[in-house]
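Reader: I have a structure on my screen and want to learn how to read it. Can we go through it feature by feature?

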Amino acid sequence: MQNNRLIAYNILKKNILTNGFCTGCGACQATCPVNALRVKDDHVKRLQDCSQNLDLCPICNEVCPHSQALLLRSAGAVADAPIRSEAVGYLRKSLLAQASDLKARKKGSDGAVVSALLTFGLESKTFDCAVVSGADDKNPIKPKAQVALTPQEVASAAGSRYFPASVVEAYRSAVIEYAKGKIAVVGTPCQALALRKIDVWGHKIGGKAKVIIGLFCFGTFATNPFFRHIEKKYGLLANDVTGIQLSHDLVLTTKQCKVEMPLAEAKMLTNIGCKTCIDFTAEVADISIGRAYPHKDWAIVILRTKAGEDFFNSALQRGAVVTRNIEKEPEVFEHLIVAALQKRTAGLVKASKLEKKRDFVPVRLLRETKTLADIKVEDIMTREVVTVPSSMRVSELLAMMATKTYIGYPVINEDNELVGVVTIEEATRVAKEMRQKIQVGDIARPNVSVCYPGETAFDAFRKMSQLETGRVLILNPANPQKIMGIVTKRDLMHALMKQATESAL
Ligand SMILES: Cc1cc2nc3c(=O)[nH]c(=O)nc-3n(C[C@H](O)[C@H](O)[C@H](O)COP(=O)(O)OP(=O)(O)OC[C@H]3O[C@@H](n4cnc5c(N)ncnc54)[C@H](O)[C@@H]3O)c2cc1C
Ligand code: SF4
Ligand code: SF4
Ligand code: SF4
């Protein structure tokens, strides 16, 4: 008799597929040793019952970006980056960029930085191919993941398509069918995570992605529900729509007209897996790229790994892209941070709601409570706490947030005593014209999460969750107005990752 409990597909089906969390990345198909799976849009079809021939196979569930497996070890790919941003993850540097070539720039979504980097990578032989997602032959608003061997093929895939693409399966094809070993891959955050999982799993197709470019992502549309919706509400057939642009609204273009769908309505039509997703900026990619609102034709570039930074710098030196300093663009920075935090909050709220109804919800990184209980807060806290005076103006605070790692600060009075905490949420709620006048002390939250030395990282996590905040202050027991240190959620994740990496050695 077959022991179906050891067949990963059973878990994948129960947790991911039946609950509708699949976002069509193609990792399960790409890694299946017996070609039992076929991914189309956001669905996985089982072509054969692998349990007839196998007693044990753990693969497809573990590499799925929505399963709990291998998360911390995958995040280890970026963990040596010197900056730990609370909102956008580990990074070395962030900046604004666009393609140098004006003609190429016009074809891209946001200045064609992605296409310019890929073109440079192919021409300089840094890569021998790139996995991109160009327009599907039958329906151009849908993507078709494919292997690009020439700059022309890269250029023809420029632009964004807001439906799932089987990027990891195209990566497999680059490794196996095209026999390539230096591959660039462009994908959404979940596709980037699936590639990292394949690497840490030690799968035979792993380790060939030289640079992973992750795109910022609000979600992909659930294919069939999206097309049913636009037909019912706007009278548009799937094949009528020739283009989709994302700005303040979602703009659907047909040969005859343009239809504007409010963004809130569009977000309702994304996959369920996107609604619980908390990663906006592709936190495990080598380089993350997304729109630099409000600037047209410019993108934000986040350099996370050394490989990503070295590659980007050589493209910059050779004139493939031009850059601008993000520190001088507080509006761009504010938009990015708010979008990242909104996605994280919405994802966690949705996951909490679903948890009541289902026995599985994906990606809750900070669940390793047992490990956290073994770590003391004083061992992981940052001791040089950056504080802000209560007399600081909100405009000064936002400018400071644009150049520093943290998006929340303890506020102190003239006697160096704690009066509260101020975060980007309170600061951005102040109307723009009032930011020069209002002081930080006027908007600081007095209700602060605190711990004392001797308490554990789990205590810190519990207290953060109670107040729905991202940080806890460690206070001096002899004088609770004085701050000894600070621990953020990012510090907790870092500690967990360190433990996961050490125990894997
Ligand atoms: C589904 C999706 C959602 C996005 N959501 C946001 C958002 O909310 N906010 C934001 O700032 N930016 C978002 N982006 C990123 C943004 O649209 C641009 O891709 C990014 O700014 C890079 O622009 P560019 O001009 O440099 O890229 P280009 O030079 O135009 O290259 C774009 C690349 O994206 C790839 N691509 C296109 N569609 C897909 C797809 N479905 N899956 C995987 N790869 C694809 C293509 O292969 C191409 O290489 C999203 C992108 C996608 C694909
Ligand atoms: S053989 Fe394929 S479908 Fe079956 S459990 Fe393994 S990876 Fe999944
Ligand atoms: S998200 Fe990717 S790995 Fe997970 S079930 Fe869907 S296609 Fe397979
Ligand atoms: S929102 Fe998350 S799950 Fe959905 S496509 Fe984007 S990265 Fe993947």
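Reader: Which residue in β18 is the bridge partner of G408?

Author: Start from the general idea. Strands of a sheet pair through backbone hydrogen bonds, either parallel or antiparallel. Here, the model is a predicted one. In it, G408 has T423 of β18 as its bridge partner. Another pair is Y409 with V422 in β18.

Reader: How many bridges join β17 to β18, and in which direction do the strands run?

Author: There are 5 bridges between β17 (residues 408-412) and β18, and the two strands run antiparallel. They form a hairpin, with 5 residues between the strands. Look at N416 in the turn: its phi is positive, about 65°.

Reader: What is the strand order in the sheet with β17 and β18?

Author: The order is β16-β17-β18. This is an open sheet of 3 strands with mixed pairing. Its edges are β16 (388-389) and β18 (418-423), each of which pairs on one side only.

Reader: Now a different strand. Is β5 largely enclosed or exposed?

Author: Count its buried residues. For β5 (residues 93-99), 5 of the 7 are buried, so the rest of the structure largely encloses this strand.

Reader: Which strands does β5 join through bridges?

Author: One is β14 (residues 299-303), joined to β5 by 5 bridges and running antiparallel to it. Another is β15 (residues 321-325), also antiparallel to β5 and with 5 bridges. Follow L96 to see both pairings. L96 stands opposite I300 in β14, and opposite R324 in β15.

Reader: Let me zoom out. How many helices and strands does the protein chain have?

Author: The chain has 21 helices and 21 strands. Its radius of gyration is 23 Å, close to the 23 Å from the globule rule for 505 residues, so the chain is as compact as a globular protein of that length. Along the principal axes, the C-alpha atoms fill a box of roughly 65 × 60 × 50 Å.

Reader: What share of the residues is buried?

Author: Of the 505 residues, 49% count as buried. Look at contacts too. Among those between residues at least 6 apart in sequence, 66% join residues at least 24 apart.

Reader: Which residues touch the most other members of the largest nonpolar core?

Author: The general idea comes first. In soluble globular proteins, nonpolar side chains tend to be buried together. In this model, the largest nonpolar core has 149 residues, and V113, A130, V131 and Y171 touch the most other members. Beyond its sequence neighbours up to four places away, Y171 touches A30, V131, I183, V185, L195 and A209. There is also a second, separate core of 13 residues, with I141, F227, I244 and L252 among them.

Reader: Which residues are closest to ligand 1?

Author: The closest are G108, S115, V132, G290 and R291, out of 32 residues that surround the ligand. Sort the shell by class and you get 18 nonpolar, 11 polar and 3 charged residues. Then ask which elements contribute. At least two shell residues come from each of α6 (113-123), β6 (129-135), β8 (183-187) and β13 (287-291).

Reader: One last residue. Where is C25?

Author: C25 lies in the loop between α1 (8-17) and α2 (27-31). C25 is buried, with 32 other C-beta atoms within 10 Å.

How values were computed
Residues are numbered from 1 along each chain as its sequence is written. Chains are lettered from A and ligands numbered from 1 in the order in which they are written. This is a predicted model: local features need pLDDT of at least 70, side-chain atom pairs count only at pLDDT 80 or more; totals for chains, interfaces and linings use all residues. Helices (H or I, at least four residues) and strands (E, at least two) are DSSP runs, numbered from the N terminus. The radius of gyration is taken over C-alpha atoms; the globule rule is 2.2 Å times the number of residues to the power 0.38. A residue is buried if 20 or more other C-beta atoms lie within 10 Å of its own, exposed if 12 or fewer, and partly exposed in between; C-beta atoms are placed from the backbone. Two residues are in contact if their C-beta atoms, placed from the backbone, lie within 7 Å. Two strands pair if DSSP finds at least two bridges between them. A residue is near a molecule or strand if its C-beta atom, placed from the backbone, lies within 6 Å of it. Ala, Val, Leu, Ile, Met, Phe, Trp, Tyr, Cys and Pro count as nonpolar, Asp, Glu, Lys and Arg as charged, and the others, Gly among them, as polar. A nonpolar core is a set of buried Ala, Val, Leu, Ile, Met, Phe, Trp, Tyr and Cys residues joined through C-beta atoms within 7 Å.
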